[in-house]
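Welcome! Here is a short tour for anyone meeting this protein for the first time. Take a look at the sequence and the model, then read on.

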Amino acid sequence: MRLVIADDHPLFRMGLKYALIHQGFDVVAEASDGLAALEACRALQPDAVLLDVKMPGMTGIEVCERLRQSNPRLVSVLITTFAEPAIVQAARAAGARGYVSKETDPESLARQLRDIVANPDVDRLPHVDVPRLTPRESEVLPLLAQGYSNKEIAKNLGVSPDTVKDHLARLYAKLDAGDRTEAVSRARSIGLLH
């Protein structure tokens, strides 16, 4: 299997390359940033690309999105130490076929890559529970994140402070949060706030 590896940490990238070569992969290119990964994939047409999520210039998720548009057959797999729900959701939306941990041993990584490439239509990204917000809750949440008081939110939305208090109570329940700070933090972690 022809593979491009993209990671901005040279030692990790080199170790990954040699581990995968030892597992029978043909590593046709390495990239230290997102743009180089995109160019290598477009030029070399590998079977798969293994992308670090956080790279300079262009993230692995952005590369994945662009590759999906230009070559939907190319299998993009994200490799990261970050398993945040918002990142998983962004990866799914970008068309990633898999999501593997940097802590995975070489044999397991090789097995996962082969399985992902052999069955690219199977969703292997972790499931993330994202609560459904009402339209009004979706308006309250960003104002909450900006640090507005209940009174300020009420004025901004043209409702009473008691109505805002009711919306906040439902938001806290949906986000399993005890206060404003926790609600905003949880909403960011699952991708409801950017």
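Helix H7 (residues 150-157) and helix H8 (residues 161-175) have axes that come within 8 Å and cross at roughly 105°. That angle makes H7 roughly perpendicular to H8. Please keep in mind that this is a predicted model.

**More on H7 and H8**

- On the H7 side, the contact involves Asn-150, Ile-153 and Ala-154, and these meet Pro-161, Val-164, Lys-165 and Leu-168 in H8.
- Sorted by class, the contact of H7 with H8 has five nonpolar residues, one polar residue and one charged residue.

**Another helix pair: H3 and H4**

- Helix H3 (residues 60-70) and helix H4 (residues 85-94) also have axes that come within 8 Å, and here the crossing is at roughly 15°.
- That angle makes H3 roughly parallel to H4, because angles under 35 degrees count as roughly parallel.
- The crossing of H3 past H4 is left-handed.
- H3 brings Ile-61, Cys-64, Glu-65 and Arg-68 to the contact, while H4 brings Ile-87, Ala-90, Ala-91, Ala-93 and Ala-94.
- By class, the contact of H3 with H4 has seven nonpolar residues, two charged residues and no polar ones.

**The sheet**

- Five strands make up an open sheet, in the order S2-S1-S3-S4-S5, with parallel pairing.
- At the edges stand strand S2 (26-31) and strand S5 (98-101); each has a single partner strand, so one side of each is left without a neighbour in the sheet.
- From one strand to the next, the twist averages 25°.
- Strand S4 (residues 75-80) runs parallel to S5, and four bridges join the two.
- Ile-79 stands opposite Val-100 in S5.
- Helix H5 (residues 106-118) lies across strand S1 (2-6), strand S3 (48-52), S4 and S5, and H5 runs at about 150° to S4.

**The whole protein**

- Now step back and count: the protein has nine helices and five strands.
- Along the sequence, these follow the pattern β-α-β-α-β-α-β-α-β-α-α-α-α-α.
- The radius of gyration of the protein is 21 Å, whereas a compact globule of 194 residues would have one near 16 Å.
- Taken along the principal axes, the C-alpha atoms fill a box of roughly 65 × 30 × 30 Å.

Definitions and conventions:
Residues are numbered from 1 along each chain as its sequence is written. This is a predicted model: local features need pLDDT of at least 70, side-chain atom pairs count only at pLDDT 80 or more; totals for chains, interfaces and linings use all residues. Side-chain values use heavy atoms; hydrogens and water are left out. Axes are lines fitted to C-alpha atoms, for helices over the stretch in contact, and angles run from 0 to 180 degrees between N-to-C directions. Angles under 35 degrees count as roughly parallel, over 145 as roughly antiparallel, 65 to 115 as roughly perpendicular and the rest as oblique. A crossing is left-handed if the near helix is turned anticlockwise from the far one by less than a right angle, and right-handed if clockwise. Contact means heavy atoms within 4.5 Å. Ala, Val, Leu, Ile, Met, Phe, Trp, Tyr, Cys and Pro count as nonpolar, Asp, Glu, Lys and Arg as charged, and the others, Gly among them, as polar. Two strands pair if DSSP finds at least two bridges between them. The radius of gyration is taken over C-alpha atoms; the globule rule is 2.2 Å times the number of residues to the power 0.38.
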